[in-house]
Amino acid sequence: MKPWSVPRVTRAVCALASAVALLDGRTLVAQAPAKPTSNATSNATISARWLTRPERTDYAETSRYDDVIAYMKQMAAVNPNIHLTTYGYTTEGRPLPLAVIGAPGASAAQVLATNKTRVYIQGNIHAGEVEGKEALLWLLRSIAKGERNAWLKTTVLLINPIYNADGNERVSVSNRGSQAGPVGGMGTRENAQGLDLNRDGTKMETAEARSMASLLTRYQPHVAMDLHTTDGSSTSGFNMTYETSLNPNNAKAQMSLLREVLLPEITKTVKAKHGSDWFYYGGVSGTGDQRAWRSDAELAKPRYTSTYYGVRNILGLLTETYSYASFKTRITETYWFLEESLGYVATHGETVRDVVAKANAESIIGQQLAVRQQLVKAPALQKIVFAPTISVRNPYVADRPYRLRPDGLGDANVTSEMLPFFGTAEPTETTLAPRVWVVPMTATPAAAAAPAPAPGGFGGGRGGAAGTPTQRMLATVIDRLEAHGIRYSVTAADQPFSGDRFKIATNTVETREYQGTHKGRTLTGAWEPTEQTLPAGSLVIPMDQPLARLTFILMDPRSDDGFMWWNLLDAVLGQTPAPTYYPVLRSMNTVK
């Protein structure tokens with residue numbers, strides 16, 4: 001993408017211009033801004049030209065897309081170490097912005113050449129959850145003022161505050177009605193297609209997810225963060241919760257670094273500095289002996305962005321601020337998380353890079369990997385804190401108050417309880433990771449092929465490919481592999497094949513549609529040996545590549561989050577009569 005150009009003269013002018021002029025001359029709410037209390041200000045008074053839209057409106061409003069772009073440009077004008085570019089587009093064609101800090105320029109080649117630790121951070125994947133967007137603007141302000149120069153000696157930051165830019169512009173005062181502001185409205189959870197971007201990590205159906213995957217392939221971050229806000233437990237005392245990838249196939253050293261070192265350390269630091277309690281994402285459920293704090297087993301699936309990072313061997317982190325804390329508090333707590341986690345990464349960059357490099361080089365061929373999983377209980381009870389909320393009338397929405405945990409009460413109303421914690425996942429079903437996956441090209445005459453499903457309809461015809469069912473399926477699979485950055489090849493001639501085929505026992509689809517027109521497909525059956533001739537034009541996906549963990553989940557017939565589940569193989573699997581065998585083979589032998 002073409003970088004934004006910020007000439008030196010423009011930098012000098014923007015450094016002195018007011019924020020109002022930069023925001024297209026729009027008049028904001030005429031309220032005196034609340035005096036910032038976050039350490040984002042570095043104990044210095046922020047002049048009007050540095051204020052974000054929430055600060056200028058006493059936290060009644062959140063930034064729009066144009067506000068974000070203008071503010072990023074203003075910060076780049078102040079500090080020439082901030083380089084601006086774009087890395088893709090939203091569904092409606094808005095350029096996705098990227099601030100690159102710590103490299104001599106914004107290109108992937110310039111970033112990789114630094115050999116520094118690379119960190120990608122995105123906010124606003126759900127555009128009603130706006131705290132990450134605003135906290136990232138605070139972070140850019142701090143960087144622009146030169147307050148984070150020590151980080152940049154070892155670290156390159158890649159920052160997009162506004163990932164779901166289309167949803168951000170669909171502002172309504174009634175969105176996320178129970179959330180404690182901003183009362184001037186916020187955007188929607190879904191993108192312009194009506195799809196949840198935090199469910200698109202495997203199927204790659206949105207322009208936004210495909211842009212993000214391309215960025216990950218090109219810039220190769222070691223760490224990636226996805227910033228959210230959760231409704232959570234109605235009486236939670238945690239203003240900030242966090243999570244890592246819960247997939248059992250993650251590299252063990254990565255999970256150990258995150259869960260045993262980084263997160264415990266920054267949690268203790270924030271408690272000491274600010275008195276704030278943090279814990280893993282989740283909520284209390286169950287009664288009696290079953291009462292426990294539980295994460296969400298769904299987060300083991302890489303359709304979720306933070307888990308997608310993990311199975312790509314990136315140190316993935318999810319943050320979830322508490323939606324009943326005030327808007328200002330949510331921004332502040334997210335900023336603290338960025339401050340402490342980035343400080344840790346900058347200080348321990350060599351360790352971070354080492355565990356990622358080892359995960360990329362580690363072979364999973366021949367290992368038993370999870371295709372399904374469940375949450376498991378931690379050995380020790382954990383301290384869970386609670387704080388009450390009050391009901392506050394929303395002045396702009398009839399008959400629907402929101403909930404608020406009032407600021408300034410400290411620990412006065414906080415209680416705690418020692419509870420079981422279900423926060424990690426273990427396999428319930430496993431299978432062998434092969435050396436290679438193969439999708440054979442069949443010789444079915446085109447005249448015998450069923451018509452392709454209409455684009456956007458149920459099944460695997462979204463790509464609009466023509467031809468036999470196998471040809472349409474291959475086109476879809478290749479499209480998705482390229483979107484993910486997974487290496488593959490196509491055979492040039494017929495050749496013998498020795499490996500396994502999966503004989504299908506049951507082939508069912510769910511009755512309800514999910515994320516558009518998808519109906520999750522589930523196969524049961526068993527692998528059996530096979531010897532056959534592999535036709536020219538067959539697809540070969542080797543597992544001796546860094547994205548092998550992701551590839552395994554995408555291709556295995558029993559995976560609960562692969563191409564099969566998302567109907568991307570339905571050109572074949574959806575036929576009547578149903579096929580006897582899964583249309584993908586596996587082998588422990590090399591296939592060229």
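A salt bridge is taken here as a side-chain nitrogen of Lys or Arg within 4 Å of a carboxyl oxygen of Asp or Glu. The structure is a predicted model, in which local features need pLDDT of at least 70 and side-chain atom pairs count only at pLDDT 80 or more, whereas totals for chains, interfaces and linings use all residues. Residues are numbered from 1 along each chain as its sequence is written, and side-chain values use heavy atoms, with hydrogens and water left out.

Charged pairs come first. The salt-bridge rule gives a count of 31. In one of these pairs, Glu-205 joins Lys-203, with 2.9 Å between the closest N and O atoms. Lys-203 is buried, at a relative accessible area of 0%; buried stands for under 20% relative accessible area, exposed for over 50% and partly exposed for what lies in between, using a 1.4 Å probe and protein chains only. The charged end of Lys-203 also sits over the ring of Trp-566, 5.4 Å from its centre. Such a placement requires NZ of Lys or CZ of Arg within 6 Å of the ring centre and within 35 degrees of the ring normal. Arg-294 likewise lies over the face of Phe-422, at 4.8 Å from the ring centre.

Another salt bridge brings together Arg-199 and Asp-196, at 3.6 Å from N to O. Arg-199 is buried at 13% relative accessible area, and Asp-196 is buried at 4%. Both belong to a network of salt bridges that also takes in Glu-129, Arg-176 and Arg-189.

The side chains of Glu-528 and Arg-501 form a further salt bridge, 2.9 Å from N to O. This pair links distant parts of the chain, with Glu-528 in strand β20 (residues 521-534) and Arg-501 in strand β19 (residues 495-509), 27 residues apart. Helices (H or I, at least four residues) and strands (E, at least two) are DSSP runs, numbered from the N terminus. Glu-528 is partly exposed, at 23% relative accessible area, and Arg-501 is partly exposed too, at 25%.

Turning to the rings, the whole structure holds 20 aromatic pairs. Rings of Phe, Tyr and Trp (its six-membered ring) pair if their centres lie within 6.5 Å; planes under 30 degrees apart are stacked, those over 60 edge-to-face, and the rest tilted. Trp-278 and Phe-337 make a tilted pair, 5.9 Å centre to centre with 40 degrees between the planes. Here Trp-278 lies in strand β7 (residues 278-280) and Phe-337 in helix α12 (residues 327-347), 59 residues apart. Trp-278 is buried at 4% relative accessible area, as is Phe-337 at 0%.

Finally, the nonpolar interior can be described. A nonpolar core is a set of buried Ala, Val, Leu, Ile, Met, Phe, Trp, Tyr and Cys residues joined through side-chain atoms within 4.5 Å. The largest has 68 residues, of which Ile-159 and Met-225 touch the most other members. Helix α12 gives the most to this core, with ten residues. Beyond its neighbours within four places in sequence, Ile-159 is in contact (heavy atoms within 4.5 Å) with residues including Met-72, Pro-97, Leu-98, Ile-121 and Leu-136.
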